[in-house]
Amino acid sequence: MHGRAVILRQPQTPMTIEEFPVPDPDPGAIIVRITQAGVCGSDLHTWRGATALQSLPPAGRVMGHEGNGVVFKLGAGIATDSLGQPLHEGDRIIHSAVMPCYRCHYCLRGEFSWCPTYPSNREAGVFPYFVGTFADYYYLPPRQPVFKVPDALPDAVLSFVNCAMGTVTDALIRAEAGPGKTVVLQGAGGLGLLAAAVAREMGVDQVIIADRLPRRLELARALGATETLNIDELPTPEARLDVVRQRTWGRGADIVMELVGNPRLMEEGINLLASGGTFVQIGAVPAGQTASISPAALLKGKRIVGSLMYRPQVIPLLLNLLERTQGRVPFDRLVSQRYPLDQVNQAFQDAEWHDHGTEVTRAVLTP
């Protein structure tokens, strides 16, 4: 039996779809049949050739990391998910998209996304072949965290859990978001919209989000943002700083999160912080780009935190959050477009936002 996988061999060129044999799972491994896979901002960075994390492997890369599916085949010795719930063929599951070594200094601390082996190069044509989610199948290796999806959750709220939603949640936890805090979000794409909703569910008092697209800002309000800033109407950092200070009794924000990968936003974001506040860099800044900041701006307890992906224990927390907010928070509106796998290049073209805006909040492939 064969399955399809999307391969990128050169940046800014059309991706190809190729077939590979579907392997039998090793003991402890799982073959997942992918039902939906999100087009993440980092996928677009990779396609542009702008990522600072790694270059393409010689044979090309199997694309995709975000998404979910169902158990197609269980390897010997595995009968439960990471929480001990029974697993059977056909069960819906979500896996951790972070694939570490589990043996290094950082893995021993539970910081799997800091592992030197992550992210893996996902080279095309190398066993077990299905190492990206833009494919019919995905090979989940032994020890990789996996969680059964509650029956009550619809597929419409699952595709972004194991990347975008996990990423912003872990960042909010690291920044100590909670009651009494004001959070400013720079960007209302998939990351920013999810951060707005999760922050409010964590008890954050004020969530202020900035973007230029009215449709995204409207959705941000529906997801819980308390204030939206249209940067076309507030075109200068000084104008945006004035609004944030007005809403925080002159102090500034407790947390500012950069979510689009624009280094100039770090310069602005640090100025938006109150004394003792935390700036969180999440957006993947293209290779070679830098920010210019004054160290003196940090002296009153301000700190800068980088946050890459998430710790796997956040996934069951998010499944619980999604279950309890059904009918109240419209997470199902995050995905704006769906495409069959053979339209992957069209999906990237529609989702591309670099140098121009896009109304796509999240594009999803459905193999």
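The model is predicted: local features need pLDDT of at least 70, side-chain atom pairs count only at pLDDT 80 or more, and totals for chains, interfaces and linings use all residues. Residues are numbered from 1 along each chain as its sequence is written, and side-chain values use heavy atoms, without hydrogens and water.

**Exercise 1.** Locate Thr133 and decide: buried or exposed?

- Thr133 sits in the loop between helix H2 (105-108) and strand S7 (137-140). Helices (H or I, at least four residues) and strands (E, at least two) are DSSP runs, numbered from the N terminus.
- Buried means under 20% relative accessible area, exposed over 50%, partly exposed in between (1.4 Å probe, protein chains only).
- Thr133 has 0% relative accessibility, so Thr133 is buried.
- Leaving out residues up to four places away in sequence, Thr133 touches Ile34, Ala37, Met63, Gly64, His65, Glu66, His95 and Tyr138. Contact means heavy atoms within 4.5 Å.

**Exercise 2.** Classify the crossing of H3 and H8.

- The axes of H3 (residues 161-174) and H8 (residues 314-324) come within 10 Å and cross at roughly 100°. Axes are lines fitted to C-alpha atoms, for helices over the stretch in contact; angles run from 0 to 180 degrees between N-to-C directions.
- Under 35 degrees is roughly parallel, over 145 roughly antiparallel, 65 to 115 roughly perpendicular, the rest oblique.
- H3 and H8 are therefore roughly perpendicular.
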